[in-house]
Amino acid sequence: MSDVDSISPERRDEILDALRRGTVPAQSLDLLAVGLQGYEEALDHELTAAEAGRGVFKAVRGEYGSGKTFFARWLQERALSRGFATTEVQISEAETPLHRLETVYRRLVERLSVAGTRYGALRLVVDGWFFTLEEDVLAEYPDLTDESELLDRTTALMERKLEEVNRNAPAFAACLRAYRRALSEGEQGIADGLLAWLGGQPNVAASTKRYAGIKGDIDHFGAMSFLQGLLIVLRDSGHPGLVWVLDEVETLQRVRGDVRDKGLNALRQLMDEIDAGRFPGLYLLMTGTPPFFEGPQGVQRLPPLAQRLHVDFQTEPRFDNPRAPQIRLQNFDHARLLAVGEKVRDLFAAGAPAQERILAKVDDAYLEALATAVTGNLGGNVGIAPRLFLKKLVADILDRVDQFPDFEPREHYALTVTHNELTPQERAAAGTSSVDDIQL
């Protein structure tokens with residue numbers, strides 16, 4: 001049985017729907033991965049290090065279209081299969097500025113995922129932690145049947161576990177303690193509010209915070225302590241660590257100078273804290289474009305950060321060291337574009353009643369012609385073609401062949417690319433940029 005035959009219809013539809021929209025699928029990326037085999041051994045070794053309680057930092061650089069987001073989600077999938085929790089935070093000037101670590105922490109918790117639960121997994125993790133405590137008590141006292149005694153012994157064990165959390169994040173520990181008490185007293189509304197506060201949400205009712213003996217909201221410094229507490233709870237609830245992706249960090253280049261410097265310093269602070277062992281089990285992956293790492297408005301503005309991230313890329317790409325703190329992704333070439341096109345076609349055909357018709361009409365020769373046409377419309381730049389190529393392939397070709405028996409792609413379809421369907425990078429490559437696209 002091939003990989004595409006083993007995937008569920010629901011998962012197949014989810015992947016194809018994402019490609020129709022021109023976005024990166026959230027799951028099952030191994031089915032589409034091309035050219036990433038050289039990173040597997042090094043990444044698995046780093047995940048093993050995180051499982052053993054070390055902190056790991058990794059930077060990924062690549063031009064637009066090289067697959068940074070795909071790479072990050074592919075790594076998250078590998079981590080989820082090993083029991084890790086994962087999260088992804090996109091840095092933006094308006095919504096998630098990097099120097100506001102309390103906001104970054106809130107986004108981190110909002111997108112917290114574990115196997116079987118995508119995003120918003122904090123309640124599952126916390127409740128799983130308390131369940132594990134009860135299981136540990138019952139394992140020690142197998143004849144225990146009294147509910148109140150079970151609660152007391154579980155609370156006592158919780159207090160011992162919270163000693164470690166309390167050293168790093170006393171407010172985090174106080175909130176967990178109050179959350180369990182609220183559940184035992186049937187105060188579901190208070191429990192929900194406390195969980196929201198634990199996740200960094202603002203505007204939690206003052207009465208809820210009084211119940212737990214906590215004040216205010218999580219600030220910049222408290223956010224990192226709460227991350228420590230979250231890592232401890234993850235570990236004790238059966239998750240060996242957390243893979244945290246900081247995506248689109250290159251947006252720092254476009255913000256005001258003082259804000260940019262604060263963001264770069266926050267990044268340096270995170271790296272230093274990881275190196276110092278403050279975040280055991282954390283695997284932090286950062287993505288950015290080459291100008292961010294090498295240009296005057298990026299990492300080079302902060303020499304200590306530039307020194308930590310520096311890697312000599314003077315050798316041929318095939319000799320790049322995947323164990324280095326910074327790795328570079330290569331842009332798609334024509335062969336890789338065809339390879340991923342074949343994977344998507346086979347995936348589509350495997351779940352379609354008209355499988356034979358699809359494979360016959362959208363053969364390898366047609367895929368090559370379509371790839372050449374799409375690339376030509378983008379100024380011959382293969383590197384930024386994958387998104388548009390796969391979108392056209394699924395929505396304009398495969399869907400029609402599947403639904404209309406008399407549709408002949410070579411006769412009834414002529415590739416058209418409009419200005420509105422392109423990203424700014426694709427418009428620039430196609431030569432259709434307007435004056436509005438020029439960054440001053």
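Which residue, with a positive phi, follows helix 4? In this predicted model, the residue in question is Gly83, whose phi is positive and near 95°.

Helix 4 comprises residues 68–81, 14 residues in total, and extends 20 Å from its first C-alpha to its last. This span is close to the 20 Å expected at 1.5 Å a residue. The helix is largely enclosed by the rest of the structure, because 10 of its 14 residues are buried. The buried set consists of Lys68, Phe70, Phe71, Ala72, Arg73, Trp74, Leu75, Gln76, Arg78 and Ala79. The elements that cover these buried residues include one helix, helix 3 (37–51), together with strand 1 (56–61), strand 2 (85–90), strand 3 (242–247), strand 4 (282–288) and strand 5 (326–328).

Within helix 4, Gln76 has a relative accessibility of 9% and therefore counts as buried, the cut-off being 20%. The side chain of Gln76 forms a polar contact with the side chain of Glu88, at 3.0 Å. When neighbours within four places in sequence are set aside, the contacts of Gln76 are Thr86, Thr87, Glu88, Val243 and Val245.

Strand 3, among the elements covering the buried residues of helix 4, is itself mostly covered, with six of its six residues buried. In a regular strand, side chains alternate between the two faces of the sheet. In strand 3, Leu242, Trp244 and Leu246 point one way, whereas Val243, Val245 and Asp247 point the other way, and all are buried. Strand 3 pairs with strand 2 in the parallel sense over six bridges, and Asp247 of strand 3 is the bridge partner of Gln90. Strand 3 also runs parallel to strand 4, to which five bridges join it. In that pairing, Trp244 has Leu284 of strand 4 as its bridge partner.

Aromatic side chains were examined next. The count of aromatic pairs comes to eight. In one of these, the ring centres of Tyr39 and Phe71 lie 5.5 Å apart with the planes at 85°, so the pair is edge-to-face. Tyr39 lies in helix 3 and Phe71 in helix 4, so this pair ties together parts that are 32 residues apart in sequence. Both partners are buried: Tyr39 has a relative accessible area of 15%, and Phe71 has one of 0%. Another pair is formed by Tyr105 and Phe226, whose ring centres are 6.1 Å apart and whose planes stand at 90°, so that this pair is edge-to-face as well. Tyr105 lies in helix 5 and Phe226 in helix 11 (residues 220–236), so the parts tied together here are 121 residues apart in sequence. Tyr105 counts as buried at 2% relative accessibility, and Phe226 counts as buried at 5%. These two residues belong to one aromatic cluster, which is formed by Tyr105, Phe172, Trp197 and Phe226.

Charged side chains are also placed over aromatic rings. Arg153 lies over the face of Tyr141, at 4.0 Å from the ring centre. Likewise, the ring of Tyr211 has the charged end of Arg181 over it, 4.1 Å from its centre.

The backbone angles of two loop residues complete the description. Most residues other than glycine have a negative phi. Tyr119, by contrast, has a positive phi, near 70°. This residue is found in the loop between helix 5 (101–110) and helix 6 (122–140). With a relative accessible area of 34%, Tyr119 is partly exposed. Asn203 likewise is a residue other than glycine with a positive phi, near 65°. Asn203 is located in the loop between helix 9 (188–198) and helix 10 (206–212). Is Asn203 buried or exposed? Its relative accessible area is 74%, and Asn203 is therefore exposed, the cut-off being over 50%.

Note on methods: Residues are numbered from 1 along each chain as its sequence is written. This is a predicted model: local features need pLDDT of at least 70, side-chain atom pairs count only at pLDDT 80 or more; totals for chains, interfaces and linings use all residues. Side-chain values use heavy atoms; hydrogens and water are left out. Helices (H or I, at least four residues) and strands (E, at least two) are DSSP runs, numbered from the N terminus. The expected span of a helix is 1.5 Å times one less than its number of residues. Buried means under 20% relative accessible area, exposed over 50%, partly exposed in between (1.4 Å probe, protein chains only). Contact means heavy atoms within 4.5 Å. Rings of Phe, Tyr and Trp (its six-membered ring) pair if their centres lie within 6.5 Å; planes under 30 degrees apart count as stacked, over 60 as edge-to-face and the rest as tilted. A charge sits over a ring if NZ of Lys or CZ of Arg is within 6 Å of the ring centre and within 35 degrees of the ring normal. A polar contact is a pair of N or O atoms within 3.5 Å; within protein, one must be able to donate a hydrogen and the other to accept it, and residues adjacent in sequence count only if both atoms are side-chain atoms. Two strands pair if DSSP finds at least two bridges between them.
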